[in-house]
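Hello,

Here is the structure we talked about. Please open it alongside this email and follow the notes below.

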Amino acid sequence: MARRIVLVGPAHPYKGGGARHTTELAHRLRGLGHRVRIESWRAQYPAALYPGRQTITDPEGEPFPDTRHDLAWYRPDGWWRTGRRLARDADLVVLTLFSPVQVPAYLGLLAGIRSRSRTGTGTRVVVLCHNVLPHERRAIDVSLVRAMLRRADGVLTHSSEQGRLAEGLLVPGGPAPVVAEMPPHLPETGGARSGEQPGEHRHLLFFGIVRPYKGVDVLLRALAEGAPEDVTLTVAGEFWGGSADLAALAGELGLADRVRFREGYVPAEELPGLLAEADALVLPYRSATATQNVWLAHEHGLPVIATRAGTLADHVRDGSDGLLCEPGDVSDLARVLAGFYRPGEPARLRAGVRPVDAAPYWRAYTDRLLGA
């Protein structure tokens with residue numbers, strides 16, 4: 001039966017995986033016959049809380065036509081009014097949670113929805129948790145997210161580990177969170193597969209937002225300890241707090257001439273070039289929930305060196321299309337880097353890479369979401 005569904009979350013001109021996921025989910029649900037709308041943001045975060053670039057000019061995929069941009073973090077009066085409208089217009093409201101910073105606005109939306117739901121509208125609310133709690137969290141984050149999850153009708157997380165974390169915040173004995181694996185929602189890069197570039201480049205790539213839990217410092221130490229001396233590295237992405245500390249570490253390790261820091265958001269059209277220059281994408285995460293970067297690398301024919309944090313190991317076939325190591329372990333990553341550059345190994349692993357088939361992931365995901 002067709003439902004009226006509203007997704008509350010980022011969409012173009014907001015950038016990155018969150019906006020792509022919300023947009024692709026809207027397209028997929030509409031493809032199943034549901035009436036879908038995205039309720040997006042005019043201003044999602046205060047600039048002081050998100051030091052990177054929040055919006056982009058060119059969309060990284062097909063925008064969803066029925067998208068509103070009315071919500072603003074600085075207009076709490078609009079949160080309740082929007083919730084009242086959603087309770088009138090939707091059977092299901094999906095609140096996409098990336099950060100506790102969003103929670104006050106979502107509590108306002110929930111209050112508006114519940115104020116009408118008591119009259120019998122029956123609107124259901126599911127919280128879709130990209131991150132249940134931040135990797136670097138404060139005590140208030142736990143209180144905010146607990147208050148939000150306990151007011152929802154259902155919770156969806158992207159891994160069993162995250163599901164257990166959410167369950168610990170819910171009312172004991174209540175319904176358990178639903179776990180659904182994050183489906184592929186890759187940017188439209190329009191680039192050639194890196195596998196079409198012959199030969200070794202003796203070059204590695206880290207790509208993404210650079211924060212302590214991503215383990216770039218671990219990668220630098222492992223590069224100095226285990227990789228051949230002619231292997232270089234590019235670290236590309238937005239550096240929260242700047243690159244000075246990592247650049248200083250690279251200098252201390254004798255890597256100043258082997259590491260390039262490419263600071264700033266990497267638009268989709270630049271990704272094929274970065275990937276084509278590399279032999280592997282390295283994801284040295286200390287912790288992780290879910291990421292698209294393994295699939296992004298594989299889409300471009302590139303093997304992946306990753307830790308076993310979060311769901312990373314679910315997407316890398318160790319020894320076939322990439323290599324795995326333990327999170328936060330410099331020696332283990334150094335061992336893997338040395339092994340990767342054994343004669344013929346980069347070409348062998350590249351030959352095992354296959355692009356992901358997104359359709360089965362999305363079928364399972366939408367079924368789990370609608371059942372939450």
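**Sheet, helices and a pocket**

Helix H2 (residues 76-89) lies across S1, S2, S3 and strand S4 (92-97). H2 runs at about 175 degrees to S2. Keep in mind that this is a predicted model.

**The sheet**

Those strands belong to an open sheet of seven strands. Read across, the order is S3-S2-S1-S4-S5-S6-S7. The pairing is parallel. Strand S3 (67-72) and strand S7 (178-179) are the edge strands, and each pairs on one side only.

- Strand S1 (residues 4-8) pairs with strand S2 (residues 35-43) in the parallel sense, over five bridges. In this pair, Val6 stands opposite Arg37 in S2.
- S1 also pairs with S4, again in the parallel sense, over four bridges. Here Ile5 stands opposite Leu92 in S4.
- S4 pairs with strand S5 (residues 124-129) in the parallel sense, over six bridges. Leu95 stands opposite Val127 in S5.

**Strand S4**

How many residues of S4 are buried? Six of its six are, so S4 counts as mostly covered, with buried meaning under 20% relative accessible area. In a regular strand, side chains alternate between the two faces of the sheet. In S4, both faces are covered. Leu92, Val94 and Thr96 are buried on one side. Val93, Leu95 and Leu97 are buried on the other.

**Helix H4**

Which residues of helix H4 (residues 139-149) are buried? They are Asp141, Val145, Met148 and Leu149.

Which helices supply at least two residues each to the lining? Helix H1 (16-31), helix H9 (293-299) and helix H13 (358-371) do. The largest share of the lining comes from H1, with seven residues.

**To look at on screen**

Start with S4, where both faces are covered. Then turn to the second largest pocket and find H1, which gives the largest share of its lining.

Best wishes

Key: Residues numbered from 1 in each chain as written. Predicted model: local features only at pLDDT ≥ 70, side-chain atom pairs only at ≥ 80, totals over all residues. Heavy atoms only, no water. Buried < 20%, exposed > 50% of the residue type's maximum accessible area, 1.4 Å probe, protein only. Pairing = 2+ DSSP bridges. Contact = heavy atoms within 4.5 Å. Axes fitted to C-alpha atoms, helices over the stretch in contact; angles between N-to-C directions.
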